[in-house]
Amino acid sequence: MSRLLIRHARVVDPSQRLDEGLDVLVVDGAIARIAERIEDKDAETLDATGLVAAPGFIDVHVHLREPGFEYKETIASGSAAAVAGGFTAVCCMPNTSPVNDSAAVTEFIRGRAVEAGLARVYPVGAVSKGLAGEELAEMGEMVRAGAVAFSDDGKPVSNSYLMRRALEYAQLFGVPVVDHCEDSALAAKGVMHEGAIATRLGLRGIPAAAEEVVVARDVVLAELTHGHLHVAHLSTAGALARVHEAKARGVAVTCEVTPHHLTLTDAAVAESSYDTDTKMNPPLRGPEHVAALIGGVLDGSVDCLATDHAPHHADEKALEFDLAPFGVVGLETAIPVSYDALVRRHKLPLRQFIALWSCNPARIFKLPGGTLKVGAPADITLLDLEARLTVNPDRFRSLSRNTPFAGQRLKGWPAATLVGGKVVWRRERR
Amino acid sequence: MRVQPALRLTGKDLVGIDPLSPGEIQLLLDTAEEMRAIGERPIKKVPALRGKTVVNLFMEASTRTRFSFEVAEKRLSADSLNFSASASSVSKGETLIDTARNLEAMQPDFIVLRHQYAGAPHQLARILKASVINAGDGAHEHPTQALLDALTIRSRHGTLAGQVVAIIGDLQHSRVVRSNVLLLARMGATVRVVGPPSLIPIGMEALGCEVHRRIEDVLVGADVVMMLRIQLERQGRMNFPSVREYYDFFALTPERLRLAKKDCLVMHPGPMNRGVEIDSRVADGPQSVILEQVTNGVAVRMAVLYLLAGGHGEPASD
């Protein structure tokens, strides 16, 4: 029997409305007891004085690139980045090569994640075979193999008929359909947010409307089918308004927002003078959108946060802005970036912040975890809210370095990550 | 009121008009005027850039701009190297950054870059020791074009401040309009732009211009009218219906030109589509300064090279 006693932590668990100084006893990988003072001579102890213990953070939107693009990231390197970023679980998108549109690929991913032995990895299966947007992939087989949701992420499900059928069919398994909402024709090969800055920079713009028309369509289809729609990386004020209205009508729709869309605007492209680490899809939007997203987080219309961790090799990003791929890494900066912006600057209560990264994603994707209730797996994120550190991409565990946050000094970092009661990562003291 | 010229250019590069102060623009134009005089001499050459090497790196087809830079370089006694490639070869093999690093290993002093993608000169300027001169990047900027246009206006009308300049055409895909609006607004001119509403980028006003809907509205009282090339090859048929209809609503015809001031200059950055955006009677008419623009292009490019090399005052003659 393995026993671990976490002492003197400030336990913040929104699932139990807890926020107090407590000890946590973990036995055989599960939460055994939480109390003010626990004595256990047989247990290994972890002194968490000054740290917050939260239900393990879950990132429901990452690209681990394996199989097929192991030069960008592998399941092992991505899991290492996850735990070093304070995440105990991630959901990985299916746009690998081969695409995760079959039980075989889903099983392969699960197997690789178990070998890595760090974060829990929950595969998201493809909605359509080969992400081609034509035929439904074998969702049931993938669910049996461990898929937790379906998405053609990287691309929208352009065909409305297919989207309707996906929302219907996925109900057989009670899993969400996650859509990357973008009207490709309206996006018109744009490379940044459409607006005065794109005009000044001479870059083709992606209008907010490209996202909003598809969110509007998807919400209508979710209402029609009663399926569960989850809007990936929502980035515009209008898209948020569509989701908000739909929820008020009782439509089963949820949404996620990324830390970069909450903190950066399209001005970053100009300020960095065409740095391709400011290129992602959806693009960094204007300040009015950022303000709306922050408002949505504060008032609860945003259901959870997610990184859209999208590793790319440095050689691929060292191209002209038009030619470089979309995407930024996020796992190892997500917590400080979002904490600094939301809790420190915008006074989001800590409990709500933690819920956005743990209980909420667990509930939306029906994942184990998201709670420190007795009997739950001991997936725990320890946070040092006083730590003030500079983002240094050279120290990333991820194979890729494409971050727009390099050099930023931020307060509030993960201190240690426990998965199944095992300390899988701890910040080294330097 | 004349803007006081700066003593020198502050940057290593000329990536656009946007980073320039009014004083720097004034200095460039004043210097270009002196450079123009060199072209009028029997021996059109000064030793100002002797021993300097210029790489003309043209990743996108261009005849006029490349020739203009070459003539400017020769008149200043620089050694020129020409490197032309289609940008599509970039995706097949060497990246732009590798190409530039290889060229830099040959220790050039200047890299003149024409590129189909916006921001390419900025990306090179960050990593290269050589001065990078933007000879047109995507739909972003074409600073030497705006400078030569300004020089042309100033030579004819004596000033930029207070001039009413109408710019007409495909605003979405034009780098010429962006550089011109930035420069003219910075120097105190009033800039009015017009084009099919489907070819007006969002937030155009923020560059410093008035955006209009009808060509007549920009022409009335104009001191200068600049026509932009309709770039048929760069767009599909969804942006405007046809050349025929474009001519109907946006071409500069003699009748329309009469709305402008009597001494209104007619300009075009070339190459022209006669009978599309401009009627030949106007292009070849008495108000046209289109060929003068070409002459001024050489002078402006000489000034840019000379000032970036650290020159000030009048270039020494042999």
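This is a predicted model: local features need pLDDT of at least 70, side-chain atom pairs count only at pLDDT 80 or more; totals for chains, interfaces and linings use all residues.
The largest cavity has a volume of about 70 Å³, and its lining is formed by residues of chain A, namely A:His180, A:Cys181, A:Glu182, A:Ile206, A:Ala210, A:Glu211, A:His233, A:Asn281, A:Pro282, A:Pro283 and A:Arg285. When the lining of this largest cavity is divided by class, five residues are nonpolar, three are polar and three are charged. The second largest cavity holds about 50 Å³ of space, and the residues that line it are A:Pro259, A:His260, A:Thr307, A:Val328, A:Val329, A:Gly330, A:Thr333, A:Ala334 and A:Phe405. In the lining of the second largest cavity, five residues are nonpolar and four are polar, while no charged residue is present.

Several features were found in the loops of chain A, beginning with the loop between β6 and α1, where A:Pro67 is placed. The peptide bond that leads from A:Glu66 to A:Pro67 is cis, with an omega near 5°. The loop between β6 (57–62) and α1 (75–84) also holds A:Thr74, which counts as buried because its relative accessibility is 18% and the cut-off for a buried residue is under 20%.

Positive phi values were computed for two residues of chain A that are not glycine, with A:Ser273 at about 55° and A:Lys366 near 50°. A:Ser273 lies in the loop between α10 (267–271) and α11 (287–299), and A:Ser273 is classed as partly exposed because its relative accessible area is 22%. A:Lys366, in turn, is located in the loop between α15 (359–364) and β16 (380–390), and A:Lys366 counts as exposed because its relative accessibility is 57%.

In chain B, the peptide bond from B:Gly270 to B:Pro271 is likewise cis, with an omega near -10°, and B:Pro271 is placed in the loop between β9 (265–267) and α11 (280–283). Another proline, B:Pro241, is found in the loop between β8 (224–227) and α9 (243–250), and B:Pro241 is exposed, since its relative accessible area is 54%. The C-alpha atom of B:Pro241 is separated by 37 Å from that of B:Asn56, a residue that is 185 residues apart from B:Pro241 along the chain.

Technical notes
Residues are numbered from 1 along each chain as its sequence is written. Chains are lettered from A and ligands numbered from 1 in the order in which they are written. Side-chain values use heavy atoms; hydrogens and water are left out. On a 1 Å grid over the protein atoms alone, a cavity is a set of points where a 1.4 Å probe fits but cannot get out, and a pocket is an open set with protein on both sides within 12 Å along at least five of seven lines; lining residues have an atom within 4 Å of a point. Grid points are joined across faces, edges and corners, and a volume is the space filled by probe spheres set on the points. Ala, Val, Leu, Ile, Met, Phe, Trp, Tyr, Cys and Pro count as nonpolar, Asp, Glu, Lys and Arg as charged, and the others, Gly among them, as polar. Helices (H or I, at least four residues) and strands (E, at least two) are DSSP runs, numbered from the N terminus. Buried means under 20% relative accessible area, exposed over 50%, partly exposed in between (1.4 Å probe, protein chains only).
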